[in-house]
Amino acid sequence: MTPSVLAGLTGAALVGLGLYGLILHPHPLRKLLAFNLIGSGVFLVFGIVARRGAAAGFRFDPVPQAMVITGIVVAFAASAIAVALILRLAAESSHVTLDPEVWSKPNGGDTQ
Amino acid sequence: MSLRPFLDVILASLVLGVAIFTITARDLFAAVVGYVAYGLLLAFVWIRLYAPDVALTEAAVGSGVTGVLLITAGKRLGALKDVAPDRQPGLALKLLTGVLAALVASALGAVILMLPDPPPSLAPEAAAAADGPGAGLGNPITAVLMSYRSFDTMLEKIVLILAVVGVWSVGADKAWGDAPAPLRQQKAYAPMVFLAQMLAPVGALIAIHVFWTGANAPGGAFQGGALLAAMWMLTMMARLAQPPRVDAQWLRLALVAGPAVFLISGLAGGVVAGSFFAYPQALAKPIILFIEAFMVLSIAVALPMLVAGPPSERQDQ
Amino acid sequence: MITLLDLFSIAAIGVGTFFFFAGTVGLLRFPDSLTRLHALSKADNVGLGLVALGLIPRADSALSALKLIVIWALVMLSGAATSQLIGRALRRGRK
Amino acid sequence: MAGLATTTPGGYLLVLAILLPVVGMIASFVLGGRNAERVALGSTPFGLALACAIALDVGRTGKPIIYAVGGLPPPLGIALRADGISAVMLVAAAVIVAAAAFYAREKFATPDGVGESRGSLTFWIMLQAIWAALNIIFVGGDLFNLYVALELLTFAAVPLVCIDGRAETIAAALRYLLFALFGSISYLLGVALFYGAHGTLDISLLAQRVQPSPVVWTAAALMTCGLLAKTALFPLHLWLPPAHANAPAAASAVLSGLVVKGSFFLTLRLWFYVLPALATDKAAIVLGCLGSAAIIAGSIIALRQARLKLLIAYSTVAQIGYLFLVFPLAAGAQTWSAIGWSAGVMQILAHAFAKAAMFFSAGLLAEALGHDQIAKLGGAARVLPLTLLTIALGGLSLMGLPPSGGFSAKWLMLQASVASGQWLWTLPILAGGLLAAGYIYRILAPALSDDRISSASPPKRSREAIALALAAIAIVLGFAPQTFFDFLEIGRPVVGQP
């Protein structure tokens, strides 16, 4: 098994692992960690695609690698927004949860 | 080199092991620390995939800056009043989710093994274009990011600005205009100050070096900017510097400098080079380096601002 | 054909690796966190220094050799600082 | 196929349509304060003019407009393409964004002598960012470029949800963000597999190269799954009602009317443009079934809501369901598939305008009455006759009564189901109309009653007029001539003829 195939399979496993955490963990910060695991798994799939595309004197296809760099930046930006929301939620309320039931309590005649 | 496959398997199992720890750890903070270690290990996987540019980015951003972000978040969450325990999912749901996740992972794994042979690749096109639109750039990834797919790269910088506004928008109304809370609440600790004083200037030099060589060797605007950002965060953690006010004009100009210069050159390309986001053949390399210099600045400012969080009312301790 | 420089490299890297190994054994075997930290930070700094020293004759240019020295210096700096920070965190945790 | 990748004469318009809101966003951020609002309002007429110019150019030449960014054609470069449906969506987005901007002045204007405020700066920047992202989505020709646009759309939409800062809205925003992030990453995984299988991400190049294979199927499934989460198709709709109901009215209108259409538009692109050869019955039927379930479930839950804005938000869940009937009704190259295609686009447009008008009106009602409880709307029609007229007109289109865009959409869908022999789809279409009549009646009945109600502050006429104008567009769409439907066919790939 070549290193790139191994990395691709690792990526696949990471996607599954992250999906498990994303669905099951009730805490949003844990969900965010799980999302980041999925993200890195997806980037590894780009990585194997890039490595397989070695040709014309390149040891890799530069296009997917460039996409991974863009993707890492975007994923970080997403994490930053999520962290800001989580911290504000924790500061505003006693429960850091996304459980819709907690938030669907009748809240009087408040408007937008 | 019969040792290499063996090392690869060890590396892959380490990555997976730490990932499993991150998902299953009981303690929130332990999971966060696990994730940071995971990011560093991942950088090695990228080296093994002949992707030093990605490895640099992963180490600097995926592990480094994200690590600071998450650890700060974990600490701030821990410092808040104790949070009501959430309902844990039942065993049936766990099993069901486990089966679903395993199915997805194995389907994906199978599909990866089925990717076509010979693999399609744009490497030949990129090599051919290196004499044209990517003129003079020895690093094909920089050529892709700054020339062939420059539109993506410009938009990604816009995403960063938008994320900064998004993070700021979560703050309180009263605090608008103020600075974000310091990265470190307590008094600075002497070794930290020493580290910041020694490392920051050297790190800044290395950052500029990484950016500059990025035209021909692994590195580039993003990696250089991220390193510079890390140095700024280090000085903020040592409390040698404070986060700036969000309404500071210089801050906003620095944040938009990269995308704005990119946009202006892109529009100028429409007049001078016959197509938006095209560069005149002879000047391609200097123009790209010029744009990248401003991008380094914007990234170096944007990442710490994303970590620092929304403006907060002053509460000095 | 093994030259004197090659021998020097092999020796330095070998001894360096031994220090790493010793540090790791200390990390695993020592009784509490402070002593583990002690073993790790000391042994690893020496180990890395020797490995870097062993690699210098094999560098293809003076600049690469310089980079190796800078890497060692940077790791020493950050290692020393983080050891201090971890140590302080441990002391606080005990109180 | 050089024709697919070379810049056409009007191509530069596409770049300008994308860059105008981007530049506006940057300028708003740097200038800050009151200038953010000025820039946003000032750029809307130019954006509308650009969108109309693109539509005219597409209509005049009868062919898609293409621009190869950087002069470098795909596969290495990125292409932008505007066909009939892109042009129509560009115009619709420009109209609704402009309406939202002028409607929002009341709430987000910065008066003289007042410094910059958090809510206002966020709103004006995010509105322009949404506009930019949508324009890229409508004309983007590269799957990865579209991924960046999707993320731009998410990052712009999420902060609008929690702009008022209550814990409840922050939880809604966070849930929205997590769903959207899952959607993007799933989409991105599909993109990776497409590249791995075919070495390009350009939509028209992929359409030529794609062969049915496990890799392509997996990629399509992953991308569709991600886009469905972002479009809030039942059962992935959980995030939508709290998010759309908690945003300020101007933002709700854009989120419900346009933002969910962005990811739906990409689903259309994926199945009809990238994979026309693959769009088999099975996948189409699965999507159609999910759509039908959304129509029924969304409408029934809407019937049970106590808050006006939540009712309208659940109505969005139901109306999104109709969109997904396009997949079984427009697949293939039969004579009826053109009818199904027209129906789908008409539903996008009619719902966008009607829903924006409804959210604007709900906002006006809430401001005038101080609440948005449906039970306490008694006699509101006396106080706010224009606003209630707007709700009634928008409701007409949602129910699918003639004459209205909603009627045309549903009528064409019925025609396509009958013509294609897929009788079963008529059931959810008709049931959805009846249920919509039920929830619209729930708003109008108390409002038109004889009760006396006092209004604290009657809204400005101009804001009522903006809402009414959008509702009127939803109605006028019902009179669209045949040339409009011919326009929608421009550039639509038909299986069997490349």
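Among contacts in chain B between residues at least 6 apart in sequence, what percentage join residues at least 24 apart? The figure is 73%, where a contact means that the C-beta atoms of two residues, placed from the backbone, lie within 7 Å. The model is a predicted one, so local features need pLDDT of at least 70 and side-chain atom pairs count only at pLDDT 80 or more, while totals for chains, interfaces and linings use all residues. As for labels, residues are numbered from 1 along each chain as its sequence is written, and chains are lettered from A and ligands numbered from 1 in the order in which they are written.

Chain B splits into domain 1 (1-80) and domain 2 (122-308), with bounds that come from an automatic or database domain assignment. Between the C-alpha centres of these two domains of chain B there are 23 Å. Eleven residues from domain 1 of chain B and 14 residues from domain 2 of chain B make up the contact. On the domain 1 side, seven of the residues are nonpolar, three polar and one charged. In this scheme Ala, Val, Leu, Ile, Met, Phe, Trp, Tyr, Cys and Pro are nonpolar, Asp, Glu, Lys and Arg are charged, and the others, Gly among them, are polar.

Turning to the partner chain, 46 residues of chain B are in contact with 44 residues of chain D. On the chain B side, the elements giving two or more residues are helix 4 (91-113), helix 5 (123-129), helix 6 (140-148), helix 7 (150-168) and helix 10 (249-272). Helix 7 of chain B supplies the largest share, twelve residues. By class, this side of chain B has 29 nonpolar, ten polar and seven charged residues.

Over in chain D, Trp239(D) sits in the loop between helix 8 (214-231) and helix 9 (240-246). Trp239(D) counts as buried because 23 other C-beta atoms lie within 10 Å. Leaving aside residues up to four places away in sequence, Trp239(D) touches Arg175(D), Tyr176(D), Phe179(D) and Ala232(D).

How values were computed:
Helices (H or I, at least four residues) and strands (E, at least two) are DSSP runs, numbered from the N terminus. A residue is buried if 20 or more other C-beta atoms lie within 10 Å of its own, exposed if 12 or fewer, and partly exposed in between; C-beta atoms are placed from the backbone.
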